[in-house]
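Hello,

Here is the structure we talked about. Please open it alongside this note.

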Amino acid sequence: MTAFKRINGFWLSIVLALVFFAVVQLLISGGMLNSFYINTLFFMAINIILAVSLHLIIGITGQFSIGHAGFLAVGAYASAIMTMKLQMPFALALLVGGVAAAVAGLLIGIPTLRLKGDYLAIATLGFGEIVRIILLNVEYVGGASGMTVTHLTTWPWVFFCLLMTIIVIANFTNSTHGRACISIREDEIAADSMGINTTYYKVTAFVIGSFFAGIAGGLYAHNFYIIQPTNFGFLKSFDILIFVVLGGLGSMSGAVIAAILLTVVSTFLQDYPETRMIIYSIVLILVMLYRPKGLLGTQELTSFFRLRRAVGGKQNDNKHTVA
Amino acid sequence: MELIQQLVNGISLGSIYALIALGYTMVYGIVRLINFAHGDVFMVGAFVGFYAVTSLDLGFFPALLLAMIACALLGVFIERIAYKPLRNATRIAALITAIGVSLLIEYGTIYVRGAQPEAYPSTLLPAKSIEIFGVTISSQALLILCTSIVLMILLQLIVHKTKIGKAMRAVSYDAEAARLMGINVDNTISATFAIGSALAGAAGVIFGVYYIKIEPLMGIIPGLKAFIAAVLGGIGIIPGAMVGGLVLGVIESLVSGLGYSLWRDGVAFIVLILILIFRPSGLFGKNVKEKV
Amino acid sequence: MTTNTPLLKADNVGIHFGGLKALSGVNIELNAGELVGLIGPNGAGKTTFFNLLTGVYEPTEGSIVLGNDKLNGLAPYQITRKGISRTFQNIRLFGELSVLDNVKVAYHSLARHSIFSSIFRLPSHFSGEKEIEEKAIEFLKIFKLESFMYEKAKNLPYGQQRRLEIARALAAHPKLLLLDEPAAGMNPQETQELMNLIAFIRERFHLTILLIEHDMPLVMGVCERIYVLDHGQLIAHGTPEEIRNNPKVIEAYLGEEIS
């Protein structure tokens, strides 16, 4: 019964998403959206993918990683090498970008995820910097001047990747595996003593998050005409971090909303990068001081609707594991 | 000879890292916070020193002193406004705030004075070269080294011989117990920020004199490197920060000397990751496991 | 003593942190179905001993054997799967998770559906999750916690949190349950309820229980045997009656009171 209901809700969201996709596709092919809006839309989607992938690592599993731009960079360069140097199709390039980032996530995750809190943060920051410095020094990918990339990112690809990211991460979270990750976030020692292989789940969450950051990297690279190591510095990691923190650590819908809002804000402030950074940093400090749990805390947007229904007496909240 | 020359350069660079690392390590030791804004305090110190020299026509030592005082005030200000309200918050909240403060100082500086770099006047210190056994040491490098050493000795005296130093050690050992013993924990923490920030300010001026060019984002990389130095020596341990800074400076100079100067920054981060994996408590630290 | 092999055998177990010897030469045997107390003054090393049994620390000397399995060097989660689970002195629930989910986490190691099947919502995901949910709810009913099922664990009253923590530990299907000061912070009435609960779960789940407790009436009332630790060493072992009259034990406790 409940399983049937869940499948129903799932398909309903898929149908709604497809309708949204079709409407936007019609607007684009009908020429009703100019390139500025299309670009903003793509950016938004890429940022959502990044936000949701980092949300799995920080918000769900509680592992404070601040080098997410490193995985974005690995994905961007890996996919660009596939299309530009090896003349492979875009779909394969995206996949390779994701896999390359996931492998990087595995390699960096296994040793560093033993570290806690601050130390993990610094280690991941160091990883992000190392990626950037390696890219700067490798002539094959153009060093500091970067790589030129053909524009291949289209709305169907962006939408497909976005949908996959959300489905995979939401499904992972709403399962015994996601619960295991949340228990690590809540209390690692207790999780361990409940028979959860904490290392395994931390690394798994890290690898899944890295994979989707890599996919985002592929989309990102092929949405520009050029990628350079400077695009993937600490500030980029910080941009992604702020989505997750502002939306509420532990809330996927929060991360999505924050990504949408901040993409709009930064599009408007594109010509004033300093002002943008000042606003971002002040917002970040104020949120931490007055609402340290972010906009939604660990709640999901859907839980607000559910709450109202629950007042009616019947409580059948299958999504509470999202926590 | 080349090797010794690199060693000398490394020690000069390392002493700057060490001065910044001391602030990181002291603050971490007392409030368990990685003060990301510390590198930016260093940058502010460099600019205060620069304006003191160019606009106020001060000499090296008065400029140094002024930068130290300004940075001490800035450090206390940051602590009171941004960190104090978060003392009982989660570590992640504190860390995010610190990142926010860091960016605010960087882009606030750009907003106020623009992003263009400045150059320290080269006439600030007498530029003579002394040759010892075929190794050229500039008088500037020598003076920088002496200044750094004097400051570090001064710090050791403050920490070990004064009342405030005793209070700092007590608070870092157990803040709650220190409070019960009548120590004003808030003031002690502020004093720690003041001293750490003053050292970073001094490092800023020294950096400017030695490397000439300063700019608003100059604090990021030395800040991170100094943090690595603090971790290398064992975070929270004052002599560890000094040794860590010197070791890191020497490693970087040797890498540059071997002709891989583009990889210099990468090497520092690799050192960091290796030390975190193999000896997370640092060279001088003890391993502590979470109490269950 | 019975002649068959004990469920748990800690043989000459000790640990030192740097130069500090926290425990040394501890010999403890537990037979299946026993309820044994572990007492001692503050800082005697009781919780440290629990941490050794559950793999949080690895003993630097001696061996710990559960049934036929040597536990030295295993990770905590592996030891839990072998059949030891515990509660904590300072309650460690998953605060943001619901009461139901707290118990579900303990059922995790029984889950047979893979990450892959969960991500792509294969039939095995649904059957696996359903099984976990049904078992967890059934379990909460035993502990009379089902009315709080969807409440966040951190919002429960203190006594119920203790109860939930014990329920969660039992949901991991242990052979041996370690309770670390379960009555701490409870009033006499709550303590009485706890004693009934312990008697009940022991009967129902055929458990062996090792209990750390400061509440002497509770320990003396429910335990069949008692071990006494002081300064990291076992100083006495026997029935409650023997322990009550043991001069060494009296001295250890009095010594604490004087200092």
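A definition before the helix packing: axes are lines fitted to C-alpha atoms, for helices over the stretch in contact, and angles run from 0 to 180 degrees between N-to-C directions. Keep in mind that this is a predicted model.

**Chain B**

Start with helix α1 (residues 2–31) of chain B. Helix α1(B) packs against helix α10 (residues 238–257) of chain B at about 145°, and the two axes lie 6 Å apart. Their crossing is right-handed. The contact of α1(B) with α10(B) is made by 16 nonpolar, twelve polar and two charged residues.

Next, helix α2 (residues 38–54) of chain B. At 1.5 Å a residue, its 17 residues should span 24 Å, and the end C-alpha atoms are 25 Å apart, which agrees. Of these 17 residues, 15 are buried, so α2(B) is largely enclosed by the rest of the structure.

**Chain C**

Look at strand β7 (residues 176–180) of chain C. Five of its five residues are buried. Both faces are covered: L176(C), L178(C) and D180(C) sit on one side, L177(C) and L179(C) on the other.

β7(C) pairs with two strands named here. Three bridges join β7(C) to strand β6 (residues 84–86) of chain C, running parallel. There, S85(C) has L177(C) as its bridge partner. Five bridges link β7(C) to strand β8 (residues 208–212) of chain C, again in the parallel sense. Here D180(C) stands opposite I212(C). From β7(C) the chain passes through helix α7 (residues 188–205) of chain C to β8(C), and this β-α-β crossover is right-handed.

Best wishes

Definitions and conventions
Residues are numbered from 1 along each chain as its sequence is written. Chains are lettered from A and ligands numbered from 1 in the order in which they are written. This is a predicted model: local features need pLDDT of at least 70, side-chain atom pairs count only at pLDDT 80 or more; totals for chains, interfaces and linings use all residues. Helices (H or I, at least four residues) and strands (E, at least two) are DSSP runs, numbered from the N terminus. The expected span of a helix is 1.5 Å times one less than its number of residues. A residue is buried if 20 or more other C-beta atoms lie within 10 Å of its own, exposed if 12 or fewer, and partly exposed in between; C-beta atoms are placed from the backbone. A crossing is left-handed if the near helix is turned anticlockwise from the far one by less than a right angle, and right-handed if clockwise. Ala, Val, Leu, Ile, Met, Phe, Trp, Tyr, Cys and Pro count as nonpolar, Asp, Glu, Lys and Arg as charged, and the others, Gly among them, as polar. Two strands pair if DSSP finds at least two bridges between them. A crossover is right-handed if, with the strands pointing away from the viewer, the path from the first strand over the helix to the second runs clockwise.
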